[in-house]
Amino acid sequence: MYLDIHKSTEERMKKTVKVYKDELKSIRAGRANPALLDRIVVDYYGTPTPLKQISNVSAPEPRSLLIQPWDANSIPNIEKAILTSELGLNPSNDGKLIRLSVPQLTEERRKDIIKLLKKVTEESKVAVRNARRDANEHLKKIEKTGEITEDDLRLAEEQVQKLTDKYIEEIEKIKEHKAEEIMEV
């Protein structure tokens with residue numbers, strides 16, 4: 001019975017780490033990466049549409065991104081979406097393509113990005129801890145109904161804690177790697 005709880009808790013924690021990794025892709029680290037624009041949503045004929053669904057994004061050089069919209073009429077809306085994002089990038093277009101120059105990060109911008117990284121990291125850790133709390137509450141309920149013994153409850157809670165420690169450590173390692181990437185010149 002508690003193995004099901006253990007499995008679902010681990011799935012929830014894995015999903016949290018995956019979402020965390022995806023979120024970090026959109027945090028700028030000083031070099032051009034098409035994933036920077038994954039969170040950009042463009043007003044496309046009145047419908048909020050992810051940028052990657054209406055264009056092709058590539059990084060032809062280490063410090064530049066190239067956006068090739070499939071509909072040239074969407075260029076002004078794409079530019080507006082990029083300008084209003086928190087990326088701090090200025091688009092320029094030639095009527096068919098949009099170029100983004102990714103400038104070297106200033107020390108102040110790096111510190112802001114590190115703060116954002118810490119915030120996102122803490123939110124992910126909280127999500128892992130919430131999964132632990134929910135699992136433990138569920139285990140206590142089934143112990144009260146007599147489906148498992150007190151000893152089984154204690155063992156199951158220890159296993160859930162080991163999972164929690166494992167995924168929080170994984171999140172920390174990912175954060176450290178991203179912080180190094182942001183701070184490199």
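This is a predicted model: local features need pLDDT of at least 70, side-chain atom pairs count only at pLDDT 80 or more; totals for chains, interfaces and linings use all residues.
Glu-169, at 47% relative accessibility, counts as partly exposed, because the exposed class begins over 50%. Both residues belong to helix α5, where they are four residues apart, about one turn of the helix.

A further salt bridge brings together the side chains of Lys-175 and Glu-176, at 3.5 Å from N to O. The two partners fall into separate accessibility classes, since Lys-175 is buried with a relative accessible area of 15%, whereas Glu-176, at 40% relative accessibility, counts as partly exposed. Beyond this pair, salt bridges that share partners join Arg-12, Arg-133, Asp-134 and Glu-137 into one network.

Glu-137 and Arg-133 both lie in helix α4, four residues apart, which is about one turn of the helix. Glu-137 counts as partly exposed at 44% relative accessibility, and Arg-133 counts as partly exposed at 43%.

## Helix α4 and its contact with α5

Helix α4 covers residues 107–144, and its 38 residues reach 55 Å from the first C-alpha to the last, close to the 56 Å expected at 1.5 Å a residue. The helix is followed by Gly-146, whose phi is positive, near 90°. Helix α5 comprises residues 150–183, and its axis comes within 10 Å of the axis of α4, the two crossing at roughly 170°. Angles over 145 degrees count as roughly antiparallel, and α4 and α5 are therefore roughly antiparallel to each other. The residues of the contact between α4 and α5 divide into 15 nonpolar, five polar and 12 charged.

Ala-131 has its place in helix α4, and at 3% relative accessibility Ala-131 counts as buried. The C-alpha atoms of Ala-131 and Thr-164 are separated by 8.3 Å, although these residues are 33 residues apart along the chain.

## The four-stranded sheet

The model also contains an open sheet of four strands, ordered β3-β4-β6-β5, with antiparallel pairing. Its edge strands are β3 and β5, the latter spanning residues 91–93, and each of these edge strands pairs on one side only. Neighbouring strands of the sheet are turned by 25° against each other on average, direction ignored.

In a regular strand the side chains alternate between the two faces of the sheet. Strand β4, which comprises residues 64–69, is mostly covered, with five of its six residues buried.

## Strand β4 and its two partners

On one side, strand β3, residues 55–61, is joined to β4 by five bridges, and the two strands run antiparallel. β3 and β4 form a hairpin with two residues between them, and within this pairing Asn-56 stands opposite Gln-68 in β4.

β4 also pairs with strand β6, residues 98–101, in the antiparallel sense over four bridges. Two of the facing positions in this pairing can be named: Leu-65 has Leu-100 in β6 as its bridge partner, while Ser-64 stands opposite Ser-101 in β6.

Technical notes
Residues are numbered from 1 along each chain as its sequence is written. Side-chain values use heavy atoms; hydrogens and water are left out. Buried means under 20% relative accessible area, exposed over 50%, partly exposed in between (1.4 Å probe, protein chains only). Two strands pair if DSSP finds at least two bridges between them. The expected span of a helix is 1.5 Å times one less than its number of residues. Axes are lines fitted to C-alpha atoms, for helices over the stretch in contact, and angles run from 0 to 180 degrees between N-to-C directions. Angles under 35 degrees count as roughly parallel, over 145 as roughly antiparallel, 65 to 115 as roughly perpendicular and the rest as oblique. Ala, Val, Leu, Ile, Met, Phe, Trp, Tyr, Cys and Pro count as nonpolar, Asp, Glu, Lys and Arg as charged, and the others, Gly among them, as polar. A salt bridge is a side-chain nitrogen of Lys or Arg within 4 Å of a carboxyl oxygen of Asp or Glu.
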